[in-house]
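Look at the model below, then read on for an explanation of its core and its aromatic rings.

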Amino acid sequence: MSSNTLFTLSRLGYLALVLLLSGWFIGQGINGEYTMLFSLLWLIPLLLPAKGILTGNPYTYAWASFILCLYMLHALTLLYVTTDALAFAIIEVLLIGTLLIAFPFYARMRGRELGLGLKKKSDNQA
């Protein structure tokens, strides 16, 4: 799989996650389960890496995985406690799980193509 294919899949998955969670949290705010401010605050961390993800910055893909962990906790908790939103929780877990695999792989592949990465310490430098 090339980095372009992985970039396209990661970007589409990220946009799907943003739309899915936006609909969920805003819907919860409208239904009165959460306040609307609380619903919008849930979306801010997900939107922080948006520019770098859409432009394909490998460094952004690497650290965005840490933000996805917060949403994976939400998805797994919802999967455990809900019966009403079980389909939503399963979709959220699968989507985030896929992104947690795709983001680091894209960052690694694209970083190597660009010559980025950690420099190895040579033996004579101690």
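Rings of Phe, Tyr and Trp (its six-membered ring) pair if their centres lie within 6.5 Å; planes under 30 degrees apart count as stacked, over 60 as edge-to-face and the rest as tilted. By this rule there are eight aromatic pairs. This is a predicted model, in which local features need pLDDT of at least 70 and side-chain atom pairs count only at pLDDT 80 or more, while totals for chains, interfaces and linings use all residues. Residues are numbered from 1 along each chain as its sequence is written, and side-chain values use heavy atoms, leaving out hydrogens and water.

Helices here are DSSP runs (H or I, at least four residues), numbered from the N terminus.

Turn now to the rings. Phe 25 and Trp 42 are stacked, 5.1 Å centre to centre with 10° between the planes. Because Phe 25 lies in helix α1 and Trp 42 in helix α2, the pair ties together parts 17 residues apart in sequence.

Tyr 61 is in helix α4 and Phe 103 in helix α5, so parts 42 residues apart in sequence are tied together. Phe 7, Tyr 61, Phe 103 and Tyr 106 form one aromatic cluster.

How values were computed:
Helix = DSSP H or I, 4+ residues; strand = E, 2+ residues; numbered from the N terminus.
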